[in-house]
Amino acid sequence: MTGLGRGPTYNCRRYVSMDIHVIGMILRRVSGKSLIELLQQNIWNTIGMESDADWLTDSQGSAFALGGLNVTTRDYARFGRLLLNNGAFNGKQIVSAAWIKAATTPQADYLQPQVGKLGYGYQIWLPSEAQQGEFFCVGVYGQYIYVNQKHNVVIVKNSADLGFLDELN
């Protein structure tokens, strides 16, 4: 997920995609499994995803942790439901509720949402005037998973913004 592109101003001066990629490399090394295997084993099969995902990989076949996960809209919605329910699916805790809370909470003052600027958790954005439990994920090409826990809402948008870098030129 990234703050590049159109839309609101992102309040994350230290967002570095490569940091996420390095974390992915550490996960592969520690677990002995690829990111694809870890996702398949711990989330994909567990929450009943309908379709295979497509993840961009390098020349060695290693997935790019920093982005490139392509998922159907329905399966993004299933992932959104997992976030909505604080990591639980069908009564089973799949992801730690404490981690979901940490991921949706700014961990430093500069990551706090401000008027006209989004806040940031762990790969999760926080609207500037968000209520507790309101957050969203953003993909670089215009994919969104919006979650509002208070109102029991998940909204997903899957798109292809091929001009996402135009503002940087």
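This tour visits one arginine and then the aromatic pairs.

The model is predicted, so local features need pLDDT of at least 70 and side-chain atom pairs count only at pLDDT 80 or more, while totals for chains, interfaces and linings use all residues. Residues are numbered from 1 along each chain as its sequence is written, and side-chain values use heavy atoms, with hydrogens and water left out.

**Stop one: Arg-78.** Select helix H3, residues 73-84; Arg-78 is there. Helices (H or I, at least four residues) and strands (E, at least two) are DSSP runs numbered from the N terminus. Now show Glu-50. Its side chain meets that of Arg-78 in a polar contact of 2.7 Å.

**Stop two: the aromatic pairs.** The whole structure holds two. Rings of Phe, Tyr and Trp (its six-membered ring) pair if their centres lie within 6.5 Å; planes under 30 degrees apart are stacked, over 60 edge-to-face, the rest tilted. Select Trp-99 and Tyr-122: this pair is tilted, 6.1 Å centre to centre, with 40 degrees between the planes. Trp-99 lies in helix H4 (97-103) and Tyr-122 in the loop between strands E6 (117-120) and E7 (125-126), so the pair ties together parts 23 residues apart in sequence.

Next, select Tyr-120 and Trp-125. Their ring centres are 4.3 Å apart and their planes at 55 degrees, so this pair is tilted. Are these two residues buried or exposed? Both Tyr-120 and Trp-125 are buried (under 20% relative accessible area; exposed is over 50%, partly exposed in between; 1.4 Å probe, protein chains only).

Key
A polar contact is a pair of N or O atoms within 3.5 Å; within protein, one must be able to donate a hydrogen and the other to accept it, and residues adjacent in sequence count only if both atoms are side-chain atoms.
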